[in-house]
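Subject: Structure handover

Hello,

Here is the structure I promised to pass on. My notes follow below it.

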Amino acid sequence: MQCFSGTRRWALKLAAAAFAGTLAFAAPAQAEKPIKIGFSMALTGGLAAAGKAALIAMEIWKDDVNAAGGLLGRQVEFVYYDDQTNPSTVPGIYTKLLTLDNVDLVVSGYATNMIAPAMPIVMSRKMVFMSLFGLAVNEKFNYPNYFQIMPAGPNPLTDWSKGFFDIAAAQNPKPTTVALVGADAEFARNALIGARENAAKAGFKIVYDKTYPPPTADFSPIVRAIQAENPDVVFVASYPPDSAGMVRAINEVGLKTKLLGGGMVGLQFAALMGKLGPSLNGIVNYDFWVPEPTLKFDGVEAFLKKYQEKAPAAGVDPLGYYLPPYAYAYLQVLGDAVKAVGSTDQQKLADYIRSHTHKTVVGDVSFAPNGEWATPRALMVQFQGINDSGLEQFTKAGARVVLWPEQWKSGTLKYPYAQ
Amino acid sequence: MLDLFLNAIAAGILLGGFYAAMTVGLTISFGQLDIVNIAHPAFIVLGSFCTFVLHEHAGLDPLLAGVLLAPAFFCIGIGVYSVYYGSFERRGDESLRGLAFFFGIMFILEVLLIMTFGVDYRLVETSYIGESIKIGVIGLPFRMLVPFLAALAMAGGIYLYLSKTFTGRAILAVAQDRLALQLMGADPVRTKQIAFGIGLGTAAVAGSLLIMLGPVEPSVGRLYIGRIFAIVVLGGMGSIGGTIVAAIILGVVESMVATFYGPSWSPAVAFGFLLMTLAIRPSGLFGR
Amino acid sequence: MRIGWFYPIALLLVLGGAFATKHVDSNFVFYAGYVVLQFIVLATAWNILGGFTGYVNFGTAAFFAVGAYTTIALNKALGLPLLAIMPIAGIIAGLIGLAAGYFTLRLKGVFFSIATLALAVVLETAVANWGYVGGASGSYVIPPAEVPFFDNYIEGLFSLMLLLAVVAVGIARYIALSKIGRGFAAIRDDEVAAECMGVPTLRLKLIATTLSGALMGIAGAPYPFYVTYVEPTSAFSLTYAVNSIAMPLIGGTTTWFGPVIGAVLLGSLQQWATVTISSELNLLIVGVTLVAFVVLAPQGLVGLARKLFGRGGRTP
């Protein structure tokens, strides 16, 4: 008896607290109150390494904006909660942001799993939703006010690996067979779907198409099974631990193929690049930003300098080329829209973002109707001339040369992939 | 085709050796002492991170670091067992609450690691990682060979200790008959403390092997829980030799499935194997 | 007399909850409340087996995910509404519980625990390879824009979960007070003695695993509508297992209301911590409270209260 009334009392208390909350927020607004931007971010759990790096970048943006006088003359403030890399915390967080914290703007947390659960809530309030590295989230929701900053392109699943297969198809003699291998998880499976399509389009014969589960401790059986099919091209879609395992196994087994790489997550991170060192040479992999002369956009170096000062203390990626510039840029797009529109009117913001090209630290960004980048810019870079495990070499041009798209090309492919 | 087959077997055996290193501590604590230490993989990951620190800042070889860490882990083990004994075993309700206790420890360890090291992946690089030797058509990478040999050495050492020394034999006896042990003049609690300490000591070494194999992040231990418990059961709950054989069987099965059928089914095959064993021959492959 | 008060109060609670959906402005209460209620169901379900009979199930996530994926499959194949799917999810999860119990419950208890752990891995692998429900790349379920009787779907989900929690607790209470419950307790205290006394132990244990699994499955069925995007890693998350074990242990495992207390306390604490502390300390909560309770208060809060008020408490 006691206990059940306890439950009821708890429910009443919650209800009362919520009621009190709404009362408090009904109070008349002050003239100069800050602009609040709300989001969830993975600060613990599996995605936390990226989530924390993103947060640092976002705070740099906030400091930059506030130092320049804020938005609409108001200071910018963040309201954010740790989603623990647990999607079931996300709906609650966004509801709280929108109903109790009364934020003016929302942006997404990091990655597909944490973005999708926020969509119905954001959609029901018709908010502009800037999204950070969601892979084809909007395909199911078709929400017009969704804008995604990862430069995968309007058809993210296929555009992702398009560069890789374009490069393969351009070689002479043209390779004929391709092996596809990837992890049993969200991104890798989706990347493989796209790769399959691109391979078929380019007229390659798929001779191996398998996935492996986490945790796979030893990749050499997989690499040997691939070698047994003797493919000209090997497309790998893997997560950081498996990317490292894969690279090591490939070197140990001595995989003989002509083009290798594609969608290996992790080879963009300083921790892995440094340790894997020379064994990376020759791999052609996707990336979003590398310090090549063709990609020196306005402000990116100043941003990275600030980021690299803060990164060691937080224990996140010390170079920060991969995600942080984009975490800065997605707020830049939103902030510039607020400035241009002159208010936080969500519909006007969405219209502005959709119809303009935005100058950001990751270059000029314009969005397709589905909220993805209008033109794909998932770079294909090749590791070249890596001598040892020093990090320094990755901060200079020439270590990861851009091969694709043509517009950003900064070097030539070393072909075939040599051991 | 024969190349592929032989290599799959070889890779499986090496992988099995690594699994054995991860499992042998649990064979002692779970198999022999009946302590369901579900936090064992979390301690292994702790070992990996300590190895990483010693390797990065003192330049120690990972395996050497693991061996040096083992005594410290042994002491932690004695402490953990003392709490466990005082709170559960003495009261005679170790099964339910004891399990929950280790579940909690596992979570706490994970979070402490995240708070100290962040969540980035860590890995080590030594001169022999990346090299391999060739015997005929079979290639044996040192990255797998070193853990395999270390596991064999460790398991062999423990086997000798258990069968040749007084304390070792007391450990084997404590699970069977406490009273007889007391009559022999050995303190069962002290004996179990030492045994549990040894179990955790192996986690330090296994941790150094884990980080040698590939990148480690704080919560990776969870992914191994099922596998290593399966090996203890398959190995017949407490037999060191059985553990090694079971680990190697599991390694070979996984490697064969990965090579010839498709790697994504390998855990299901391994666990299906375990479920079948439980249903048909519950005492494990080498049960007493 | 003892039966007398439970059902009216339960009814009041459900009606009160449904009423609240009309009168509370912030949906945050319902999102947070949904998770807490879901944990009441999971903790109660776990306790029917774990607390009453003493068999530890590590595979809560497996049963939960079976429910979630039943929803995804049936919603995709037949377009069935959630209410029609839930009983089916319960039946499937219950059958899996029955099978797991049938194969392992004749063995020592710990084998059952390991088998449930293995079951979670096998099922996760199977789902990850089952393309129809999205496989490892996950699957979207778009919640309906309009729900009858409610302003939006979360209020509907909240009320549904509230009803489910009341039903689950009602079942646990019925068991605890009935002959079955005494049979369970006999198994927990001394299975061999119970068997000798003529208690049909295997049959009782199978009832417990089936019922427990079924309730977990039903609790998982609405999950896709709650998160809208389901992939195996999060559906099979170890968090479910940890929480469903920690909550009964904090409340007290031998009674039907212990898990409820534990779930309400720990569940609300986690929800509160998510939006306040928001740091690694958050994750420490489950671990530290769990360890503190099993070491310091082995009979849970219920045991502590009994000790304090001296109502025939069992001394440890």
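Predicted model: local features only at pLDDT ≥ 70, side-chain atom pairs only at ≥ 80, totals over all residues.

Among contacts in chain C between residues at least 6 apart in sequence, 77% join residues at least 24 apart. Chain C has 15 helices and 2 strands. Its radius of gyration is 19 Å, close to the 20 Å that the globule rule gives for 316 residues, so chain C is as compact as a globular protein of that length. The C-alpha atoms of chain C fill a box of roughly 55 × 40 × 40 Å along the principal axes. Of the 316 residues in chain C, 62% are buried.

One helix pair in chain C deserves a look. Helix α2(C), residues 28-53, packs on helix α9(C), residues 201-220. The angle is about 170° and the axes are 9 Å apart. That makes α2(C) roughly antiparallel to α9(C), because angles over 145 degrees count as such. From α2(C), the contact includes Q38(C), V41(C), L42(C), A45(C) and W46(C). Also on the α2(C) side are I48(C), L49(C), F52(C) and T53(C). They meet residues of α9(C), among them K205(C), A208(C), L211(C), L215(C) and M216(C). By class, the residues of this contact divide into 12 nonpolar, 4 polar and 1 charged.

Next, the side of chain C that touches chain B. Here 36 residues of chain C are in contact with 36 residues of chain B. Four helices of chain C each supply at least two residues to that side: α4 (82-104), α5 (109-128), α12 (238-251) and α14 (281-296). Which helix gives the largest share? That is α5(C), with 11 residues. The side of chain C that touches chain B consists of 27 nonpolar, 8 polar and 1 charged residues.

F43(B) lies in helix α2 of chain B, residues 40-58. Is F43(B) buried or exposed? It has 28 other C-beta atoms within 10 Å, so F43(B) is buried; the cut-off for that is 20 or more. Leaving out residues up to four places away in sequence, F43(B) touches F73(B), L109(B), L200(B) and A203(B). I76(B) is 33 residues from F43(B) along the chain, and their C-alpha atoms are separated by 10.0 Å.

Now chain A. Its secondary structure comes to 14 helices and 14 strands. The radius of gyration of chain A is 23 Å, close to the 22 Å that the globule rule gives for 419 residues, so chain A is as compact as a globular protein of that length. Its C-alpha atoms fill a box of roughly 70 × 60 × 40 Å along the principal axes. Buried residues account for 61% of the 419 in chain A. Of the contacts in chain A between residues at least 6 apart in sequence, 72% join residues at least 24 apart.

Chain A contains an open sheet of 7 strands with mixed pairing. The order is β7-β6-β8-β9-β10-β13-β14. β7(A), residues 205-212, and β14(A), residues 400-404, stand at the edges. Each has a single partner strand, so one side of each is left without a neighbour in the sheet. Neighbouring strands of this sheet are turned by 25° against each other on average, direction ignored.

Within that sheet, β10(A), residues 284-287, pairs with β13(A), residues 379-383. The sense is antiparallel, over 4 bridges. Y286(A) has M380(A) in β13(A) as its bridge partner. Helix α7(A), residues 156-169, lies across β8, β9, β10, β13 and β14 of chain A. It runs at about 175° to β9(A).

Another strand pair in chain A is β1(A) with β2(A), residues 76-82. These two pair in the parallel sense over 7 bridges. M41(A) stands opposite D82(A) in β2(A). β1(A) is mostly covered, with 5 of its 7 residues buried.

The loop between α1 (2-26) and β1 (35-41) of chain A holds E32(A). E32(A) and G203(A) are 171 residues apart in sequence and 61 Å apart in space, C-alpha to C-alpha.

Best wishes

Key:
Residues numbered from 1 in each chain as written. Chains lettered and ligands numbered in written order. Pairing = 2+ DSSP bridges. Axes fitted to C-alpha atoms, helices over the stretch in contact; angles between N-to-C directions. Contact = placed C-beta atoms within 7 Å. Rg over C-alpha atoms; globule rule 2.2 N^0.38 Å. Buried ≥ 20, exposed ≤ 12 C-beta atoms within 10 Å, placed from the backbone. Nonpolar A, V, L, I, M, F, W, Y, C, P; charged D, E, K, R; others polar. Parallel < 35°, antiparallel > 145°, perpendicular 65-115°, else oblique.
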